[in-house]
Amino acid sequence: MIGMDYPRLGRSGLRVSRIGLGMMSYGDHSSRGWHLTEDQAEPIVRRAVEAGVTFFDTADMYDQGASEEVTGRLLGKLFGQREDYVLATKVYFPMGAGPNDKGLSRKHILSAIDASLARLGTDYVDLYQIHRWDDETPIDETMAALDEVVRSGKARYLGASSMYAWQFGKAQQLAPTRFVSMQNHYNLVYREEEREMIPLCQDQGVGVIPYSPLARGFLTGTRGGRATTRAGNDPLADDTYEDSDYDVVDAVRTVAQNRGAPAAQIALAWLLGKSGVTAPIVGATKLSHLQDAVAATEISLDPAEIATLEAPYRPHRVLGHE
């Protein structure tokens, strides 16, 4: 655990490792070429545990529950006690064909948490997050149901993901139990969260745990190319990032070459250095991905390097709330 920090998640008393390991890439039922089976994932998760990572993030809809099953088995095997790690999952996306098998209604939330706990093989999750905003359910109904989940002992804390700042503010105002974290889309080529959401989180003491910190591998590539299997086999990446974003990739590579470090470490170090960011959620399908993430926690960029990285940025349309 040498070198790993454990900051508090926002103003809460919960401490998490400086990076979180995203478990979306691990499962058995997906046709996506970059997903790993449980046996393939175990060495990566084991190395994360050895490096001091204690924060693990999944969701019920990842591989239709298979990710939760794999996550539960691996963490149960690799940690001595349940209290030794922080486990996060999410609710919102469809988990069946029925009209109540999705969303943030009281009915779905109370059913979904029980199903997630069964797949994870645990009595509680540390962080239960709403995966998206539900326009069809009154937010007071959602927050009351989430409060019941916490009061029943099935979740210790609540978190949210990917929504507009006004929506997050409204939810917090109505919440019997408030959100302690925001898992949003934030990286060097998508910085729109800096306009409203991140200042709101800083003001309200909410921990920011960004997903896609390397832009689905985009930030590790070269102009016109992608460096990871996922980046070359993910249609969402093509819909998300633009030609002008390659200017940012060039800047990352320039700083990385001057430092003698991989581009991934530089892009992650930039994110780790942003005010308000507690723990980026990092995906890893190779041991090198994990090693880069851990190494990035030891890098401090100087003002000139930060200016070089940020200068090419161009505003984007709002993404990630769908």
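Is Arg-191 buried or exposed? Arg-191 counts as buried, at 12% relative accessibility; buried here is under 20% relative accessible area, exposed is over 50%, and partly exposed is in between (1.4 Å probe, protein chains only). Some notes on the rest follow.

1. Ground rules. This is a predicted model, where local features need pLDDT of at least 70 and side-chain atom pairs count only at pLDDT 80 or more, while totals for chains, interfaces and linings use all residues. Residues are numbered from 1 along each chain as its sequence is written, and side-chain values use heavy atoms, with hydrogens and water left out.

2. The sheet. Eight strands make an open sheet with parallel pairing, in the order S7-S6-S5-S4-S3-S2-S1-S8. Helices (H or I, at least four residues) and strands (E, at least two) are DSSP runs, numbered from the N terminus, and two strands pair if DSSP finds at least two bridges between them. S7 and S8 (281-283) are the edge strands, each pairing on one side only. S5 (residues 155-161) and S6 (residues 179-183) run parallel and are joined by four bridges, with Leu-158 opposite Phe-179 in S6.

3. Strand S3. Six of the six residues of S3 (residues 86-91) are buried, so the strand is largely enclosed by the rest of the structure. On one side sit Val-86, Ala-88 and Lys-90, on the other Leu-87, Thr-89 and Val-91, and both faces are covered. S2 (residues 55-57) runs parallel to S3 and is joined to it by three bridges; Phe-56 stands opposite Leu-87.

4. Lys-90 makes a salt bridge with Asp-57, with the closest N and O atoms 2.6 Å apart. (A salt bridge is a side-chain nitrogen of Lys or Arg within 4 Å of a carboxyl oxygen of Asp or Glu.) The pair links S3 to S2, 33 residues apart in the chain, and both partners are buried. The structure holds 15 salt bridges.

5. Back to Arg-191. Its salt bridge is with Glu-310, at 3.9 Å between the closest N and O atoms. Arg-191 sits in the loop between S6 and helix H6 (197-204) and Glu-310 in helix H11 (residues 303-310), 119 residues apart. Glu-310 also forms a salt bridge with Lys-274, at 3.0 Å between the closest N and O atoms. Lys-274 lies in the loop between H9 and S8, so this pair ties H11 to a part 36 residues apart in sequence. Arg-191, Glu-194, Lys-274 and Glu-310 are linked in a network of salt bridges.

6. The cores. The largest nonpolar core has 87 residues, and Tyr-26, Phe-56 and Tyr-128 touch the most other members. Helix H9 (residues 263-272) gives the most to this core, with nine residues. A second, separate core of 11 residues includes Leu-14, Val-16, Ala-88 and Ile-281. A core here is a set of buried Ala, Val, Leu, Ile, Met, Phe, Trp, Tyr and Cys residues joined through side-chain atoms within 4.5 Å.

7. Worth a look in the S7–H7 loop. Ser-212 has a positive phi of about 55 degrees although it is not a glycine, and it lies in the loop between S7 (207-208) and H7 (235-240). Ala-215, in that loop too, also has a positive phi, near 55 degrees. Both are buried: Ser-212 at 13% relative accessibility, Ala-215 at 0%.
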